[in-house]
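Please examine the backbone and the solvent accessibility of the loops in the structure shown here. The explanation below goes through them residue by residue.

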Amino acid sequence: MKLPLAVLTDGLCASACDHFTGAVKHHKLGPVIGTRTSGMVSGAAYPYVLDDGSTLRLPTHYGLGPNREIVNGIGVPPDHVVPRTAADLSTGRDPTMTKALALVGRAS
């Protein structure tokens with residue numbers, strides 16, 4: 001049984017979430033709805049010891065999307081931009097979910 005897929009995302013979507021969202025979008029498995037992902041797919045950070053003995057951790061890699069586009073610092077853009085407002089939060093509305101349900105044919 002094939003069920004419809006919609007991916008809801010925002011700026012808190014990082015690391016593997018960036019990759020997953022990019023793959024769903026690239027392979028056209030379903031619409032991506034919300035706001036751009038965080039663009040933080042650099043992987044583990046490598047520790048550099050500084051002269052004063054403290055440590056600075058910096059990533060040694062960066063993430064690329066399916067078409068080798070840079071994702072780090074940019075994120076994956078949604079197919080349908082649906083920002084969440086303060087009014088949505090204060091009234092309990094979720095316009096991203098409403099859009100997703102409409103797109104997969106289950107609007108209430």
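R68 counts as exposed, because its relative accessibility is 65%; exposed means over 50% relative accessible area, buried under 20% and partly exposed in between, with a 1.4 Å probe and protein chains only. R68 is found in the loop that lies between strand 4 (55-59) and strand 5 (80-81). Helices (H or I, at least four residues) and strands (E, at least two) are DSSP runs, numbered from the N terminus. The phi angle of R68 is near 65 degrees, a positive value in a residue other than glycine.

This is a predicted model, in which local features need pLDDT of at least 70 and side-chain atom pairs count only at pLDDT 80 or more, while totals for chains, interfaces and linings use all residues. Residues are numbered from 1 along each chain as its sequence is written, and side-chain values use heavy atoms, with hydrogens and water left out.

A positive phi is also found at S15, where the angle is near 60 degrees, again in a residue other than glycine. S15 belongs to the loop between strand 1 (7-9) and helix 1 (16-26). With a relative accessibility of 40%, S15 counts as partly exposed.

A14 is likewise found in the loop between strand 1 and helix 1. Its relative accessible area is 29%, and therefore A14 is partly exposed. Which residues does A14 contact, leaving aside its neighbours within four places in sequence? They are S38 and M40, where contact means heavy atoms within 4.5 Å. A14 and M40 are 26 residues apart in sequence, yet their C-alpha atoms are 5.3 Å apart in space.
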